[in-house]
Amino acid sequence: MPDKRIRVLIAKPGLDGHDRGAKVIARALRDAGMEVIYTGLRQTPEMIASAAVQEDVNVIGLSILSGAHNTICPQLMKLLREKGMDDVTVLVGGIIPEADIPALKQSGIAEIFLPGTSTQAIIDFIQKKYAA
Amino acid sequence: MSDSTKAKTLAPATSISPERKPSSEEKSWETNILAPALAKAPERQKQFTTLSGHPIRRLYTDADLTNWDSKTQLAHPGEPPYTRGIHATMHRGRLWTMRQFAGFGTAEDTNERFRYLLAHGQTGLSTAFDLPTLMGYDSDHPLSEGEVGKCGVAISSLADMEVLFDRIPLSEVTTSMTINSPAPVIWAMYLAVAEKQGADWKQIAGTLQNDILKEYIAQKEYIYPPEPSMRLVIDTFEFAVKHTPKFNPISISGYHIREAGSTAIQELAFTLRDGMEYVEWALRRGMQIDDFAPQLSFFFNAHSDFFEEIAKYRAARRIWFKAVSERYGAKNPRTWALRFHSQTAGCSLTAQQPFNNVVRTALQALSAVLGGTQSLHTNSLDEAWALPTEFAATIALRTQQIIAHETGVTNTVDPLGGSYFVEALTNEVEAGAWDYIRKIDAMGGMVAAIERSYPQREIAEASYRYQLALDKKEKIMVGVNDFVSDERPLEILQIDETVAHRQHVRLKKLRADRSQSEVDRALLVLKRAAETYNASTASSNGHLSHENLMPHIYSAVKAYATLGEICDAMRTVFGTYEETAIT
């Protein structure tokens with residue numbers, strides 16, 4: 001029987017090395033029964049898009065704390081479209097000013113999780129989206 | 001005192017122990033007062049723990065200090081083991097340095113903020129660099145896109161550094177610089193500005209963070225592999241001892257370890273074991289402990305669990321004294337005394353109801369002051385959203401001034417000394433840290449422990465445990481998982497892409513105006529010197545011998561080689577580091 005688990009790529013784009021959040025989320029999603037691949041640090045949008053294709057993931061979770069989201073997110077969304085990965089759900093977690101949220105959603109980011117979000121809220125969001 | 005009795009009296013005491021022997025008065029209190037009270041009204045929780053999950057007893061009494069000797073474990077301020085502080089008069093003599101970390105945008109933007117903070121009573125500078133600078137990339141490198149000037153100030157060359165410290169006399173102000181892998185380069189830029197201003201290197205004072213070990217452990221802003229990185233750190237030690245006796249070439253940092261989710265004990269243990277690792281590498285270089293170790297400084301997190309933090313600072317001084325005197329035979333009291341900077345916990349701040357952060361920060365700062373800090377940064381209320389606005393940064397500075405001048409806590413030295421609870425907790429935190437330190441010793445030291453991801457894994461475990469405790473509401477964050485309410489969004493500082501554009505223009509001009517042949521020559525000399533090192537060239541006495549790179553980095557900086565060019569020269573020789581990602 002094929003593995004029906006939701007496949008998630010947790011990625012840490014940009015130069016920032018603060019990976020506490022990325023690692024906590026990776027572990028929480030794994031404990032919730034998802035198949036989680038963590039890219040490690042300093043991934044360019046190209047690297048993330050390629051990993052998403054290669055791993056054939058349902059969800060990409062980006063952890064961004066550095067303020068580079070307005071540059072990184074649109075680049076990644078464009079690359080995903082070019083690679084035919086339109087159906088992948090892209091989530092962002094981190095420090096995102098509220099004023100930037102509408103434009104990020106416009107670019108195709110499905111949801112943005114701000115500091116203080118419980119891991120359960122993220123698990124619920126993903127599971128609802130991929131409920132059989 | 002003979003060596004064996006000394007070792008015995010200095011051994012860490014543990015007080016949560018099965019052999020705790022309460023006095024007959026305490027037993028009678030338990031029977032006659034406590035038991036009926038508990039029968040009538042049970043306590044709110046089955047178990048009480050610190051923020052780090054360390055168990056806390058209902059009541060501490062003399063029974064918790066039976067193995068504790070006030071003469072050897074407490075002593076007096078300014079004398080070993082420095083539990084009560086490193087100076088005889090502590091904050092009665094001199095207040096801690098109020099050192100607010102600042103940096104954003106271009107060098108002009110940050111220079112303006114620096115001069116604003118100095119004008120408002122700040123007593124030392126502290127520089128935050130942007131991510132490209134921290135990673136050794138120029139502002140116009142492709143990987144810098146979107147990151148220029150965002151998390152700190154963009155510094156790509158000496159020309160930027162000259163602007164950063166324009167109209168700030170480096171002979172009068174002390175400066176801390178939060179820079180690690182590229183620390184020798186940024187320090188060389190600072191020294192070049194000092195020289196241009198006519199400041200005497202022997203007199204200038206400040207601190208370079210330069211703590212690469214905690215980068216591998218926690219913050220992950222590393223460039224080169226551990227061995228050449230450690231070489232560069234020891235090069236700065238040598239250079240500092242010789243040329244800048246008042247400058248701390250390193251700030252051995254627990255701050256980032258704690259921010260990554262460690263417990264207080266892990267923060268303490270990993271930081272002090274890092275300190276020992278640097279000492280051991282410097283000794284292997286042939287340096288003498290009492291020549292360089294007085295210039296080592298430390299940096300701790302001031303987190304939210306008030307007494308646990310105070311115990312941590314007190315235990316830190318005790319551990320360092322024991323380590324340098326017993327392990328390395330230090331004889332100089334300036335080597336024995338652990339000096340530290342502290343910063344309130346960024347990770348404790350909430351994006352929700354951000355004005356509550358002023359209160360958190362004030363209480364955290366108070367713990368650092370009561371723990372005997374030498375300098376302090378208080379976070380701004382908006383830092384869960386962005387770098388601070390001037391408004392928020394001013395309140396943060398005022399918080400320190402209120403503690404210093406209104407609360408009265410500076411009137412006496414170590415007011416908590418002798419408290420059953422504080423002394424017992426200090427003992428426990430110390431004992432817990434020594435357990436970790438001995439484990440890392442057994443692995444062959446901190447570099448070896450890092451290579452097998454030991455501290456990284458311990459921190460990830462602790463951080464996950466804490467997140468689960470929050471999710472289950474076993475630990476409460478006000479405004480986040482309890483006491484939630486609606487609020488208005490905050491006005492925050494936005495850094496736009498014009499900063500990157502201004503940096504691109506400036507770098508283009510720099511590259512056009514400088515002597516390229518001079519730059520090429522300086523970089524070539526640096527590369528040759530970098531190549532002189534490999535472990536197999538250890539000399540017969542076991543000391544690692546190679547050329548100190550600081551003078552060559554300084555020459556390259558003076559020729560206006562950029563940060564990226566200098567770091568690239570070393571990248572080609574040393575290679576770069578990739579960690580094994582653990583989740």
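The model is predicted.

Chain B holds 24 helices and eleven strands. Its C-alpha trace spans about 85 × 65 × 45 Å along the principal axes. Contacts in chain B with a separation of 6 or more come to 78% from residues 24 or more positions apart.

In chain A, strand S1 covers residues 7-11. Four of its five residues are buried, and S1(A) is thus mostly covered. S1(A) pairs with two strands of chain A, S2 and S3. The pairing with S2(A), residues 35-38, is parallel and runs over four bridges. Here A:Arg7 stands opposite A:Glu35. The link from S1(A) to S2(A) passes through helix H1(A), and this β-α-β crossover is right-handed. The pairing of S1(A) with S3(A) is also parallel, again over four bridges. Within it, A:Ile10 has A:Gly61 of S3(A) as its bridge partner.

Helix H5 of chain A spans residues 119-129. Its buried residues are A:Thr119, A:Ile122 and A:Ile126. These residues lie on the same side of H5(A), because they cover an arc of only 70 degrees around the axis. The face turned away from this buried side carries exposed residues: A:Gln120, A:Ala121, A:Asp124 and A:Lys128. Within chain A, the buried residues of H5(A) pack against helix H1 (20-31), strand S3 (59-64) and strand S5 (111-113). They also pack against H20 of chain B.

The contact between the chains involves 31 residues of chain B and 29 residues of chain A. On the side of chain B that touches chain A, two or more residues come from each of helix H6 (131-134) and helix H20 (454-471). H20(B) gives the largest share, five residues. By class, this side of chain B has 17 nonpolar, eight polar and six charged residues.

Methods
Residues are numbered from 1 along each chain as its sequence is written. Chains are lettered from A and ligands numbered from 1 in the order in which they are written. This is a predicted model: local features need pLDDT of at least 70, side-chain atom pairs count only at pLDDT 80 or more; totals for chains, interfaces and linings use all residues. Two residues are in contact if their C-beta atoms, placed from the backbone, lie within 7 Å. Ala, Val, Leu, Ile, Met, Phe, Trp, Tyr, Cys and Pro count as nonpolar, Asp, Glu, Lys and Arg as charged, and the others, Gly among them, as polar. A residue is buried if 20 or more other C-beta atoms lie within 10 Å of its own, exposed if 12 or fewer, and partly exposed in between; C-beta atoms are placed from the backbone. The arc is that of the directions from the helix axis to the C-beta atoms. Two strands pair if DSSP finds at least two bridges between them. A crossover is right-handed if, with the strands pointing away from the viewer, the path from the first strand over the helix to the second runs clockwise.
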